[in-house]
Amino acid sequence: MKRTRHALVIGGTGMLAGVCLYLAREDFSVSVIGRTLSKFKRLQDESRPNSIFPLLTDYDTDYVYDYINEAIKERGPFDLILSWTPNYSALERICEMNQGETSFRLFHVKGSRRYFEDEPIGIPSLCQYRKIYLGFVMEENGSRWLTHDEIANGVIKQIETDETVRIIGKIHPYEARPK
Ligand SMILES: NC(=O)c1ccc[n+]([C@@H]2O[C@H](COP(=O)([O-])OP(=O)(O)OC[C@H]3O[C@@H](n4cnc5c(N)ncnc54)[C@H](OP(=O)(O)O)[C@@H]3O)[C@@H](O)[C@H]2O)c1
């Protein structure tokens with residue numbers, strides 16, 4: 001029998017909640033990292049039973065690696081990792097822990113500033129690295145940041161098209177971003 005695909009969403013109870021629900025609808029088991037139990041409620045209320053698995057931990061502490069180990073042990077290695085964390089060293093270590101015999105995809109969500117200045121990140125050989133930059137929207141009377149729906153829909157689109165880089169909204173001219 002084919003194994004159920006396993007996704008990890010780091011910081012998945014906020015603007016990426018819609019992507020967690022999409023992955024659950026696509027029949028992934030979705031392990032989600034976040035610190036607040038109540039924020040998992042919407043995810044669990046709106047998804048099929050046994051599709052969302054809260055990893056209730058802070059990704060800035062070493063406990064996160066125990067949760068990752070446990071999730072891999074219970075549901076297998078991650079086929080897809082979606083990350084919204086500024087903690088690149090934790091993300092590197094999680095990807096390293098997931099390194100096995102098969103390839104996996106990492107969708108790395110970044111703010112617009114990182115389009116111009118970013119920290120380096122080490123990616124293991126079996127990881128297919130995809131970048132998503134969150135830009136802004138120009139309107140008649142200025143500009144605004146993206147809504148949760150715009151962010152979630154843009155990420156879902158990239159998961160489906162599997163492009164290497166996506167910008168959601170606009171990044172140029174950077175001076176026009178909301179202040
Ligand atoms: N370009 C744009 O338009 C743009 C870019 C970035 C953000 N935004 C907006 O700004 C708002 C706030 O952004 P946000 O960064 O707070 O995103 P968010 O997606 O609303 O929240 C961050 C997510 O990460 C989790 N998280 C945060 N720190 C954590 C930690 N140390 N350990 C484990 N989990 C952690 C949060 O849950 P817990 O707090 O429960 O841990 C939550 O799931 C967003 O709602 C979005 O609309 C817009």
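This is a predicted model: local features need pLDDT of at least 70, side-chain atom pairs count only at pLDDT 80 or more; totals for chains, interfaces and linings use all residues.
Over the ring of which residue does the charged end of Arg 75 sit? The ring is that of Phe 53, with the charged end of Arg 75 placed 3.9 Å from its centre, where sitting over a ring requires NZ of Lys or CZ of Arg within 6 Å of the ring centre and within 35 degrees of the ring normal.

Residues are numbered from 1 along each chain as its sequence is written, and side-chain values use heavy atoms, with hydrogens and water left out.

Now to the aromatic pairs, meaning rings of Phe, Tyr and Trp (its six-membered ring) with centres within 6.5 Å, called stacked if the planes are under 30 degrees apart, edge-to-face if over 60 and tilted for the rest. The count by this rule is four. Phe 116 and Tyr 174 have ring centres 4.6 Å apart and planes at 45°, so this pair is tilted. Ring pairs also join Tyr 115, Phe 116, Tyr 133 and Tyr 174 into a cluster, and the charged end of Arg 177 sits over the ring of Tyr 174, 4.0 Å from its centre.

Phe 136 is buried at a relative accessible area of 0%, whereas Trp 145, at 45%, counts as partly exposed; buried means under 20% relative accessible area, exposed over 50% and partly exposed in between, with a 1.4 Å probe and protein chains only.
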